[in-house]
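Below is a briefing on side-chain packing in one protein model. It is grouped by topic.

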Amino acid sequence: MSVGALSLLAATGHQQLVRIRGKRMLSKLIDTNVMLGTIPHYARTATTEDLLKLMDQYGITSAVAWHSGARQDPAEFNAEMRAAATDSSGRIQYCALLDVALMEESLRGCGDLSARLRADRPVAIKLFPKREGTPFLPFFYGSLLEVLEKFRLPVLLDWEQLSAPEHLIESARTYPQLPLVIFRGSGSNIRVMLPLLKQFPNIYADMSILIDAGGLEVWARSLGSTRQLLWGSGLPYNLPPGGLGLIYYARLPVEDKEGIAFANWERLMEEVNYENC
């Protein structure tokens, strides 16, 4: 993929790229990695309106978003994120941030964690193990992960929040029905991620920061499919064109590209079941 192609994508957005050199483009885009809110130096998604404007620019159908303020006050800003998603006519999917020390107190309402999750209905859960100073191991996270596994709620983790790959291995093995989605780093840690994906079908990887053209083809060949690959822009820290360009120009069947762009996430959403437990 050329620098010129990425520049074109950045300048025009997805809506302008219905076809490139006669190839059919993607019919839908779901961004699985977005943060809403204000942080120093990154104000692109400070408000819901800012986020929706960027989504329109790049043709993003829907975005899975958590709120930056939830790192300081989970209950308050999870509620704000939920309200933003409710008012977005389906454009924004609500991801709740949970603190393992607070458990159900990370969400407003009454009852235990299961009851509050049923009432809140997030589509995914964001965790920050390293930031909380807690290794991502069943010994520390077991009471939380057991509930999330019963609901089949995807857990979203940044690679840098894992102190060691062994922690991910133990959690994936202990909770085989719990989808664990790894963001920001999976592309640059291919020697670690590929064996993990091959061994554990419940581990998923964000492909948006693969650094080489042709990287998706390598992953597809090595894994035998693209079912465990997702796309997340990393907004507001990153912009969508790089990852989108990798998908658009990959030498893969359209069905595989659409799997990465939206269908794999939609499959995970179909498996979420709040009637369990």
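Leucine 117 touches Leu107, Pro122, Ile125, Val147, Leu148, Phe151, Leu153 and Tyr274, leaving aside residues up to four places away in sequence; contact means heavy atoms within 4.5 Å. The model is predicted, so local features need pLDDT of at least 70 and side-chain atom pairs count only at pLDDT 80 or more, while totals for chains, interfaces and linings use all residues. Residues are numbered from 1 along each chain as its sequence is written, and side-chain values use heavy atoms, without hydrogens and water.

**Nonpolar core**
- Leu117, Leu127 and Leu148 touch the most other members of the largest nonpolar core, which has 88 residues (buried Ala, Val, Leu, Ile, Met, Phe, Trp, Tyr and Cys joined through side-chain atoms within 4.5 Å; buried is under 20% relative accessible area with a 1.4 Å probe, protein chains only).
- Helix α5 gives the most to this core, six residues (helices are DSSP runs of H or I, at least four residues, and strands are runs of E, at least two, numbered from the N terminus).

**Aromatic pairs**
- The whole structure holds five aromatic pairs (ring centres of Phe, Tyr or Trp, the latter by its six-membered ring, within 6.5 Å; planes under 30 degrees apart are stacked, over 60 edge-to-face, the rest tilted).
- Tryptophan 66 and phenylalanine 128 form an edge-to-face pair, because their ring centres are 5.3 Å apart and their planes at 65°.
- Tryptophan 66 is in strand β4 (62–67) and phenylalanine 128 in the loop between β6 (124–126) and α5 (138–151), so the pair ties together parts 62 residues apart in sequence.
- Both tryptophan 66 and phenylalanine 128 are buried.

**Helix α8**
- Gly215, Leu216, Glu217, Trp219, Ala220 and Leu223 are the buried residues of α8 (215–223).
- Their cover includes α7, β9, β10, α9 and α10.

Conventions:
Buried means under 20% relative accessible area, exposed over 50%, partly exposed in between (1.4 Å probe, protein chains only).
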